[in-house]
Amino acid sequence: MGVVLFTFPIKEGKLDAYKQWGIELSKRTEEIVEFNQRYGITRHASWLSQMSGGSCGIVLLEGPGAETLNQKMAESEHQFDRWFQEWIDETIDISLVTFPQSSIESNHEEAFVNHLKIDLDGMSDDIASALVDHLSGNE
């Protein structure tokens, strides 16, 4: 099973649009389920983080299609995929998206994935432990 964890910066002035998109997405659950099935994604989770340089998103994809999702979606003509891609183009600086490929380390205070540092202090203990255990393969 493929696992991909990546970060992306939210364009300056687009945080409200990003949050609004999240609200809209929550209303389209059937399309999300179909999207994940179409691309072989068994888990699709995301978090919003406030960093010193601005806001960024963190996305975790799992499933046999995790490693090819972005390429295949960019080539898709499916209506939902086009809507999703338009939202990405509007709110995310795609030139700065990073796709780490190496191991995950954690001391249960911070999780490191290549250059990505996730501050676990702002999360509840249960969520932080579950995230670290999941990302470390210790489920």
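Which helices and strands each supply at least two residues of the lining of the largest pocket? The views below start there.

**View 1. Lining of the largest pocket.** β1 (2-9), α1 (15-26), α2, β2 (43-51), β3 (54-63), α3 (69-75) and α4 (79-91) each supply at least two residues. Helices (H or I, at least four residues) and strands (E, at least two) are DSSP runs, numbered from the N terminus. A pocket is an open set of points on a 1 Å grid over the protein atoms alone, where a 1.4 Å probe fits, with protein on both sides within 12 Å along at least five of seven lines; lining residues have an atom within 4 Å of a point. The space in this pocket is about 540 Å³. Among its 29 lining residues, W21, H44, V59, F84 and W87 are the closest to its centre.

**View 2. The open sheet.** Three strands are arranged in the order β1-β3-β2, with antiparallel pairing. β1 and β2 are at the edges with a single partner strand each, so one side of each has no neighbour in the sheet. Strands pair if DSSP finds at least two bridges between them; β1 and β3 have 8. L5 has L60 in β3 as its bridge partner.

**View 3. Confidence in the model.** This is a predicted model, in which local features need pLDDT of at least 70 and side-chain atom pairs count only at 80 or more, while totals for chains, interfaces and linings use all residues. Residues are numbered from 1 along each chain as its sequence is written, and side-chain values use heavy atoms, without hydrogens and water. pLDDT is the predictor's confidence in each residue, from 0 to 100. Its mean is 75 for the protein.

Key: Points joined across faces, edges and corners; volume = space filled by probe spheres on them.
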